[in-house]
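This briefing concerns strand pairing and aromatic contacts. Please consult the sequence and structure shown below.

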Amino acid sequence: MTQQAGIARTDADYRRIGIRPDVVAEWEDGARTDGRRGTYEWWYFDAHLDDGATLVVIFMTKDLSTPGKPLSPVIRLNLDLPDGRRYNVIQDFPAASFSARTDRADVRIAGNVFSGDLAHYEIRADVGGVRVDVALDAEIRPWRPHTGHLLFGEKRDLEFSWLPAVPQGTVRGSYEVAGVRTEVGGVGYHDHNWGNVGMMSIIHDWYWARGQAGPYSVIASYITAHKKYGYEPIPIFMLARDGRVVADDASRVRFEALDTYLDGKTGKPVARTTRYHYDDGDDGYVVTFTKHRDLVANTFVEQMKGWRKAAARLIRVDGAYLRFTGDLTIEHRKHGETVETFTEEAIWELMYFGHARTETPRRPGPAN
């Protein structure tokens with residue numbers, strides 16, 4: 001019998017978790033796990049900066065590929081500069097260097113800081129020769145898909161949770177590379193994720209994207225559950241116009257992955273174009289992400305060291321993570337006619353935990 005997978009959304013779910021459908025409380029962005037074996041948690045920030053750079057900073061309780069470890073803090077930083085230089089940093093820290101409040105987001109790893117109150121955040125990191133000091137101020141209120149808790153298994157006790165605490169905000173601050181400091185502004189995003197079961201055992205893959213075009217801001221994801229849950233699709237979608245949510249009923253979403261090729265480095269099927277159709281009767285939206293290039297394309301194993309790498313190979317860990325940049329196009333349609341179209345640059349990702357499915361087209365593609 002196929003087990004179930006989906007988003008918790010009943011009144012009983014809200015009561016059990018202790019949250020409300022219409023309000024995101026400050027404590028929800030605080031620590032939701034204690035770092036014990038089998039759990040994981042991370043606070044994520046990304047930004048498109050006015051000078052053309054893109055920045056991603058993630059504070060993690062442990063690497064996602066090894067959730068069975070005790071607390072093992074990690075900071076990941078990706079800085080893609082307009083002159084073509086790329087900095088992809090993964091730095092481990094001792095458990096004693098980690099602290100996190102439970103009443104709000106305030107995460108500290110060896111002097112690095114990710115702290116905020118849903119309205120204003122400070123992110124400071126100095127890793128791998130890159131120093132970042134930025135502030136994020138929310139322009140759109142916190143949002144979550146129903147409870148934000150994805151439940152798996154017959155007992156609904158296996159959880160992966162997601163909170164877009166800042167769906168869109170303004171960024172101000174600086175980055176420093178090779179002793180050269182650059183003051184920047186831009187548009188940013190922050191979300192918070194945690195779980196009590198290794199994602200490789202519940203999720204096969206996901207596309208996740210966010211971006212802004214014209215007056216619109218979008219968060220969109222298409223999650224495919226593990227084979228034992230029948231590859232159940234779990235779409236997530238939020239579209240805001242001028243800071244007000246205008247579409248967030250994922251049951252109205254149809255997803256397309258187009259022009260798929262097999263990535264030469266990771267061996268995973270990658271869609272050059274991903275598209276979300278939102279149908280609300282005579283009113284609808286088409287949100288399209290068109291890839292231009294890879295920012296990151298790594299297998300889980302290549303990011304490991306020593307015995308962890310050897311152990312991962314023995315158990316055939318085959319996961320990969322790819323992050324892309326390209327065009328986001330948002331179309332507003334009424335009565336079948338396009339009434340608005342806006343296009344801007346965006347960042348999105350493909351997280352692939354499982355083996356490539358045999359029915360996926362195997363046409364070779366680039367190893368960027």
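Ala320 stands opposite Tyr352 in β22. The model is predicted: local features need pLDDT of at least 70, side-chain atom pairs count only at pLDDT 80 or more, and totals for chains, interfaces and linings use all residues. Residues are numbered from 1 along each chain as its sequence is written, and side-chain values use heavy atoms, without hydrogens and water.

**Strand pairing**

- Strands (DSSP runs of E, at least two residues, numbered from the N terminus) count as paired if DSSP finds at least two bridges between them.
- Strand β21 (residues 320–334) is joined to strand β22 (residues 337–352) by 15 bridges, and the two run antiparallel.
- In the hairpin of β21 and β22, two residues lie between the strands, and His335 takes a positive phi near 50 degrees.
- Strand β20 (residues 283–299) also pairs with β21 in the antiparallel sense, over 15 bridges; Gly284 has Arg333 in β21 as its bridge partner.
- In β21, 11 of 15 residues are buried (under 20% relative accessible area, with a 1.4 Å probe and protein chains only).

**Aromatic pairs**

- The whole structure holds 22 aromatic pairs, meaning rings of Phe, Tyr and Trp (its six-membered ring) with centres within 6.5 Å; planes under 30 degrees apart count as stacked, over 60 as edge-to-face and the rest as tilted.
- The ring centres of Tyr44 and Trp208 are 5.6 Å apart and the planes stand at 80 degrees, so this pair is edge-to-face.
- Tyr44 in strand β2 (residues 40–49) and Trp208 in strand β14 (residues 203–213) are 164 residues apart, and both are buried.

How values were computed. Helix = DSSP H or I, 4+ residues; strand = E, 2+ residues; numbered from the N terminus. Buried < 20%, exposed > 50% of the residue type's maximum accessible area, 1.4 Å probe, protein only.
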